[in-house]
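Thanks for coming. I have one structure to go through today, and I will keep it brief. Here it is on the screen.

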Amino acid sequence: MNWIRGFAGRLSITARIAVGSFVVAVLIGVVAVIGIRAGVSVILDNATVTLLEHDAEPFAQQVARNPRDIETIPGEGQYVAIVSPSGQVKMSSLPKSLRPFGHAPLTGEETISRVSTSVRDYIVRTAPVVRTDGVWHIVTARSEDANELVLGRLSAALIVGAAALVACFTVASFILARTALRPVNAMRRQADELARRQSAGTTAERDASARELLEVPPVRDELAALAVTLNGLIEGLRASADREKQLVSDASHELRTPLAVLRGELELAELDAGDADALLADIRQSHQTVLRLSNLATNLLELSRIDAHGQRGESNWFDLEDELAAAIDRSRQAAAMQGVDCVIDFEVVADAPATGTVALSSQEFGRIVDNLIGNSIKALASEEVRAEGANAEDSGVPSAAAAEDAGTVTARLTHDDASVCLSIIDNGPGMPSDFVPIALDRFTRVDAARNTTTGSGLGLAIVAGLVDAARGSIRLSSEPGAGLTVDIVLPLGA
């Protein structure tokens, strides 16, 4: 079997179809020839038995009337013998090779036998005739030479006809296969041309080929569906390549600035080698820059993993509820470590969905909550800084109202029959209306209210990527100075 697969693997699809059609046609032809020959042989045998019955009938009638007066004479080619109850042959035209009784048993029932002699083969019939003086037997025989001649000529004609049909069927299959696969060859040539122009063409050719797709045949058949599928694949690959190029470009741009800052800080630390306090300050600043670079690299790896669309996890309602509570605890600790005065709380509906899971692992869901609440904490921290600065300019002392008006972040987890909804609501400075449409893009930052020097502009992009991978949706609602609301809807699967 291995050599058959190896041989078939070296053939084109057209050749495989032609060879397969040839093999199938040969098998069908062989079965048809054997079946027809066997059917004709049975018909001829039945016809011979019928002739034997006709041969024996007049003799049986005479024996029944008077066996001592046999007037009927066997015709040409008729072999007949009459055997008395005592075993004597009263009349016989059997050939010598079949004498005395045709080599067939004489019983009380009719028998049909095939007898082979040194000369030829015969079909022999013995039929009893019951009289008062005993049981007489009429033995008749017919040569099978005529049957064999008919079968031989029929077999030769069938073999010739089957060979012609096999040849015609194979040629027709080859022509039909080439005709059916012609659009595939055209698509292959188009794809080769697109690849050539994309890799080795001029800039104008590359730009033109970047917008071209395979031609879809006008007939809506399987090849047209294949062309549509391949066009979708090409568009997806182009979009993926564009995203990778944009990511590399953006990452290069984002990494250039902190690397330049780190280089300057290290050079400054080298100059301050004799001043321990200045050197310590330089090292701390370098450490913050390294942390920013590490955070950026981690976020880039996370985005790469999301873009790869690997195997996603699943979480039920109770997993999401537990992870939300854990994320709130982490966020409270992070706010306390950053010295941000805010209230972080969560709300969960009491009843759980009857069935269903979301296409996110609990860790991925926790990453979404961490990023959204982390952005809210940063926004509230920047709001506190501006409020304290304003109060200091007015009176030099922070106002009691500002101290009492602490920021709030609320995470709300609800559901309906088909989906789970996560809402993150804060009362921070909000987002400018012109920034909301691009807030989920990579490396985008608002210039004022919600920007920090340590942000990479990837947090919301990671959230959007995880939500999209789970076939969910995300919506941002914001008014400057009135806070930000992020609503995420995740569909429930079976």
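I will start with a side-chain pair: Thr 111 and Thr 126 make a polar contact through their side chains, at 2.3 Å. Please keep in mind that this is a predicted model. Thr 111 belongs to strand E3. Is Thr 111 buried or exposed? Its relative accessible area is 17%, and the cut-off for buried is under 20%, so Thr 111 counts as buried. Leaving out residues up to four places away in sequence, Thr 111 touches Pro 105, Val 124, Arg 125 and Thr 126.

As general background, nonpolar side chains in soluble globular proteins tend to be buried together. In this model the largest nonpolar core has 48 residues, and Ile 368, Leu 422 and Ile 488 have the most contacts inside it. Which elements supply at least two residues each? On the helix side they are H6 (276-307), H7 (317-338), H8 (362-394) and H10 (459-469). The strands are E6 (342-348), E7 (407-415), E8 (419-426) and E10 (484-491). H8 gives the largest share of this core, with seven residues. Apart from that core lies another one, of 10 residues, including Ala 81, Ala 104, Tyr 122 and Val 139.

Back to Ile 368 for a moment. What does Ile 368 touch, not counting residues up to four places away in sequence? The list is Leu 360, Leu 422, Val 463, Leu 466, Val 467 and Ile 488.

Now the backbone. Most residues other than glycine have a negative phi, and most peptide bonds are trans. Where is there a cis peptide bond? One joins Arg 99 and Pro 100, with omega about 5°. Pro 100 sits in the loop between strand E2 (89-92) and strand E3 (111-116). His 103 is also placed in the loop between E2 and E3. The phi of His 103 is positive, near 60°, and this residue is not a glycine. His 103 has a relative accessible area of 49%, so it is partly exposed.

The other positive phi I want to mention is that of Arg 471, again near 60° and again in a residue other than glycine. Arg 471 is found in the loop between H10 and strand E9 (473-478). Its relative accessibility is 61%, and the cut-off for exposed is over 50%, so Arg 471 counts as exposed.

That is what I have. Questions are welcome.

Key: Residues are numbered from 1 along each chain as its sequence is written. This is a predicted model: local features need pLDDT of at least 70, side-chain atom pairs count only at pLDDT 80 or more; totals for chains, interfaces and linings use all residues. Side-chain values use heavy atoms; hydrogens and water are left out. A nonpolar core is a set of buried Ala, Val, Leu, Ile, Met, Phe, Trp, Tyr and Cys residues joined through side-chain atoms within 4.5 Å. Buried means under 20% relative accessible area, exposed over 50%, partly exposed in between (1.4 Å probe, protein chains only). Helices (H or I, at least four residues) and strands (E, at least two) are DSSP runs, numbered from the N terminus. Contact means heavy atoms within 4.5 Å. A polar contact is a pair of N or O atoms within 3.5 Å; within protein, one must be able to donate a hydrogen and the other to accept it, and residues adjacent in sequence count only if both atoms are side-chain atoms.
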